[in-house]
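Me: I have a structure open and would like to go through it slowly. Can we take it one spot at a time?

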Amino acid sequence: MADIWSEALDGLEPRLDRQTFDMWLRPIRLARVEGNLLQLRAPNRFLKEWFETHYLDLALDELELRHERKFEVAIEVVEEAGEATRGQLEVVVDHPATRSSEISHGRDSGAAGEQPSAYRVSPRRGAPPRGLHPRYRFDSFIKGASNELAASAAMAAADEPGTRFNPLFIYGGVGLGKTHLLHGVGHELHRKDPNLRIVYLSAEQFMNEFVTAVRNNEFDEFRARYRRDCDCLLIDDIQFIAGRDRTMDEFFHVFNALYEAGKQIVVTADRVPADMAGMEERLTSRLNWGLVADVQLPDLETRIAIVQTKAARDDMELSPEVALSIAELVRSNVRELEGALLRVTAFAQLRGVEIDPAFVRSVLGKTTTDKLPVTIEAVQKAVAAYFSVKISDLKGKRRHRGISRPRMIAMYLCRQLTGSSFPEIGMRFGGKDHSTVINACKRIEALAKEDEDLHAAVESLRGQLSAA
Ligand SMILES: Nc1ncnc2c1ncn2[C@@H]1O[C@H](COP(=O)(O)OP(=O)(O)OP(=O)(O)O)[C@@H](O)[C@H]1O
């Protein structure tokens with residue numbers, strides 16, 4: 001039987017403009033047919049969602065027209081590299097209600113067929129910046145050792161935009177305050193100069209807008225919005241565009257235009273530029289031009305201060321012992337900490353009881369999944385013992401292989417197990433540069449594929465440290 005999907009595509013091709021067809025329909029492939037169910041493959045999640053939102057109806061009509069029966073379609077995401085990412089198939093049935101609910105839950109929160117419209121006009125002078133969370137301001141951000149550099153740099157960038165820290169690149173794990181700081185920059189800039197045109201959006205929204213501009217021939221408007229009518233660009237989760245060539249290319253030009261005009265750029269990500277697989281080198285190098293600052297897991301003191309501040313904001317009274325017990329139990333990130341505080345206070349209200357440390361433990365004890373994190377010291381100790389070298393050698397500069405290998409392994413395991421950043425690891429290994437740590441990690445990853453002994457040593461150490 002001829003490929004039922006290719007036939008449908010042939011029918012659709014003349015009905016759409018070439019660019020649209022090539023971009024959104026051609027990459028969708030048939031995996032198999034089971035009765036009335038077509039199992040299709042999309043090369044990435046975005047394309048899948050875009051296709052479902054904008055062209056699935058058309059495709060189903062075409063299929064029905066050709067075969068005089070209704071079809072259902074299931075689309076799985078198979079990344080370009082060829083590996084299935086999301087595991088399970090997500091079935092989309094031919095039912096308008098199902099599709100419209102998918103639209104509203106998807107990235108595209110605007111009307112069907114449209115992109116989020118809030119951003120699709122250039123910012124106006126004097127108008128408050130769009131999309132900023134009213135609470136994410138500098139004065140509600142608690143500084144501590146874990147975020148000091150990032151917070152200070154964000155404040156400095158808001159103080160003297162486009163000068164010292166441009167671009168400012170803030171990175172770190174989930175729920176550690178990157179977005180909060182990013183919005184803080186926007187609020188502060190607007191407070192100081194309401195005429196500044198501040199654009200905040202996620203990298204995902206940037207891509208969505210860009211593809212809409214491509215699709216609707218609205219390049220001029222798009223370019224004006226980001227290159228001409230923007231005094232400060234705040235972009236969240238830049239790692240999202242890695243591997244998306246055309247969006248990266250467009251972002252590159254936006255970056256250059258703003259940078260050359262001395263406009264402030266602040267970017268957040270979940271990792272350092274060098275770690276973003278698929279990110280173009282010319283972009284990673286530019287993202288490194290200004291300051292790269294990390295946010296880390298907050299220490300106990302900072303967590304206590306965060307709990308107390310959030311409680312005070314919501315007019316709740318918490319004794320220091322209660323704040324301490326919440327902060328001790330929740331170590332993973334600030335979002336969890338906020339959730340824990342909410343849970344404790346909600347339970348207390350429901351039961352009509354006073355909150356004390358025992359109550360906190362009874363509420364959070366069962367729900368918290370935190371394990372004690374592995375520390376850099378623990379990794380260094382374990383690696384030194386395993387290879388019979390001194391910890392001072394791991395931190396030193398000797399290049400003898402009997403020492404440099406264990407050192408690289410230790411750095412690699414620190415990165416894998418402690419959640420520490422490259423600069424932090426470098427610092428704790430005798431003040432080495434973060435690029436040394438990155439190279440060590442890459443080297444160990446590569447060596448572990450070829451060298452069985454090394455692989456076994458790494459895994460044994462990993463097991464030992466994770467079980468501790
Ligand atoms: N130092 C801090 N002081 C006060 N609140 C904080 C701090 N760090 C994080 N938060 C709060 O924790 C929550 C999560 O922070 P945010 O959304 O900025 O995290 P993120 O690092 O951007 O995470 P993700 O990568 O998951 O988006 C927010 O409510 C934020 O206000």
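Reply: Gladly, and please keep in mind that this is a predicted model. We can begin with Gly-175, which touches Asn-333, Val-334, Arg-335 and Glu-336 once residues up to four places away in sequence are left out of the count.

Me: Is Gly-175 buried or exposed, or partly exposed, and why?
Reply: Gly-175 is partly exposed, because 18 other C-beta atoms lie within 10 Å, and a residue needs 20 or more to count as buried.

Me: And what about Gly-177, is that one buried or exposed?
Reply: Gly-177 also has its place in the loop between β5 and α7, but Gly-177 is buried, because 27 other C-beta atoms lie within 10 Å. Setting aside neighbours within four places in sequence, its contacts are Phe-141, Asn-147, Val-295 and Val-334.

Me: Which positions does UniProt give for the "binding site" feature?
Reply: The unreviewed UniProt entry places that feature at Gly-175, Gly-177, Lys-178 and Thr-179.

Me: How many residues surround the ligand, and which are the closest?
Reply: There are 18 residues around the ligand, and the closest are Gly-177, Lys-178, Thr-179, His-180 and Val-334. The elements that give two or more residues to this shell are α7 and α14, the latter covering residues 334-351.

Me: What kinds of residues make up that shell, and which domains do they come from?
Reply: The shell around the ligand divides into seven nonpolar, seven polar and four charged residues. At least three of its residues come from domain 2 (137-295), and at least three from domain 3 (300-364).

Me: Switching topic, what does the whole chain look like?
Reply: The secondary structure comes to 21 helices and nine strands, and buried residues make up 37% of the 468 residues in the chain. If you take the contacts between residues at least 6 apart in sequence, 70% of them join residues that are at least 24 apart.

Me: Which residues of the largest nonpolar core touch the most other members?
Reply: That core has 98 residues, and those touching the most other members are Ala-154, Ile-170, Leu-234, Ile-326 and Met-411. Helix α18, residues 401-418, gives the most to this core, with seven residues. Apart from this core lies another one of 16 residues, including Ala-42, Leu-63, Val-73 and Ile-75.

Me: What does Met-411 touch?
Reply: Leaving out residues up to four places away in sequence, Met-411 touches Ile-425, Phe-429, Val-437, Ala-440 and Cys-441.

Me: Last topic, the backbone. Which residues does the cis peptide bond join?
Reply: The cis bond joins Asn-166 and Pro-167, with omega at about -5°, and Pro-167 is found in the loop between α6 (148-159) and β5. As background, most peptide bonds are trans, and most residues other than glycine have a negative phi.

Me: What is phi for Asn-217 and for Ser-388?
Reply: Asn-217 has a positive phi, near 55°, and Ser-388 has a positive phi of about 50° although it is not a glycine. Asn-217 is in the loop between α8 (203-216) and α9 (219-228), while Ser-388 is in the loop between α16 (376-387) and α17 (391-395).

Me: Why do Asn-217 and Ser-388 count as exposed?
Reply: Asn-217 counts as exposed because it has 10 C-beta neighbours inside 10 Å, and Ser-388 counts as exposed because it has 8, where the cut-off for exposed is 12 or fewer.

Methods: Residues are numbered from 1 along each chain as its sequence is written. This is a predicted model: local features need pLDDT of at least 70, side-chain atom pairs count only at pLDDT 80 or more; totals for chains, interfaces and linings use all residues. UniProt positions are given in the numbering used here, feature names are shortened, and annotations may be inferred rather than shown by experiment. Two residues are in contact if their C-beta atoms, placed from the backbone, lie within 7 Å. Helices (H or I, at least four residues) and strands (E, at least two) are DSSP runs, numbered from the N terminus. A residue is near a molecule or strand if its C-beta atom, placed from the backbone, lies within 6 Å of it. Ala, Val, Leu, Ile, Met, Phe, Trp, Tyr, Cys and Pro count as nonpolar, Asp, Glu, Lys and Arg as charged, and the others, Gly among them, as polar. Domain bounds come from an automatic or database domain assignment. A nonpolar core is a set of buried Ala, Val, Leu, Ile, Met, Phe, Trp, Tyr and Cys residues joined through C-beta atoms within 7 Å.
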